[in-house]
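Try each task before reading its solution.

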Amino acid sequence: MPTDINWSTWEWLLRLSLCTFIVLRIATLVLQNMKPSHLIQMLGLALLMLNSAGAGFYWLEPNVHSYANGVWLAFTTIATVGYGDIVPSTPASKIFAVFIVLLGYAIFSIVTANIAALFVEAEEAGFERELHADIRALTREVACGKNFGAVTIYPRHLDRINLDKQI
């Protein structure tokens, strides 16, 4: 088992900080290429994070005797449930748990935002279609020379009109 290695506290902290830097860098690169409505990709990223955290707990925590227990500890840590059946006991696993909780909050909020975006996208598309229809109707009205408020606009005068000016 990898926890039988006798590293000093500084070695643990340096190795843990290196692992943290690598995980944060990978997460940053992945999240930069995500679009707001990629729910399936975000769920895949959440599962990858859960499996990686399970492996991390299996490696760092002496009370975790199987990979499945590591994944269980990762799940209860990410969900901030903390049933108490398995808890981090070494300083390295406690620090790892802190990072897992913070990453869990970030992933959970992104997944929740993606679910909300799915509901908003359909409504937004309807509003956009209505807006484009209104713009086309107003363009036809102006091009035909209809009465536009108190001023009648004729097509031959369109090049002399400042459309930014309030009428």
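A salt bridge here is a side-chain nitrogen of Lys or Arg within 4 Å of a carboxyl oxygen of Asp or Glu. Keep in mind that the model is predicted.

**Exercise 1.** Find out which side chain of opposite charge is nearest to E61, and how far away it is.

*Solution.* Start with the location: E61 sits in the loop that links helix 2 (39-60) to helix 3 (67-78). Finally, check for polar partners: the side chains of E61 and N63 make a polar contact at 3.1 Å.

**Exercise 2.** Decide whether helix 2 and helix 4 are roughly parallel or antiparallel.

*Solution.* First take the geometry: the axes of helix 2 and helix 4 (residues 91-144) come within 10 Å and cross at roughly 170°. Angles over 145 degrees count as roughly antiparallel, so helix 2 and helix 4 are roughly antiparallel to each other. Then sort the residues of this contact: 19 are nonpolar, 4 are polar and none is charged.

**Exercise 3.** Work out whether T76 is buried or exposed.

*Solution.* Begin by placing T76 in helix 3. Its relative accessibility is 4%; buried means under 20%, so T76 counts as buried. To finish, a polar atom of the T76 side chain lies 3.0 Å from the backbone oxygen of L73.

**Exercise 4.** Describe the overall pattern of the protein along the sequence.

*Solution.* Count the elements: there are 4 helices and 2 strands. Then read them in order, which gives α-α-α-α-β-β.

Key:
Residues numbered from 1 in each chain as written. Predicted model: local features only at pLDDT ≥ 70, side-chain atom pairs only at ≥ 80, totals over all residues. Heavy atoms only, no water. Buried < 20%, exposed > 50% of the residue type's maximum accessible area, 1.4 Å probe, protein only. Lys, Arg positive; Asp, Glu negative; His and termini not counted. Polar contact = N/O pair within 3.5 Å; in protein donor to acceptor, adjacent residues only side chain to side chain. Axes fitted to C-alpha atoms, helices over the stretch in contact; angles between N-to-C directions. Parallel < 35°, antiparallel > 145°, perpendicular 65-115°, else oblique. Nonpolar A, V, L, I, M, F, W, Y, C, P; charged D, E, K, R; others polar.
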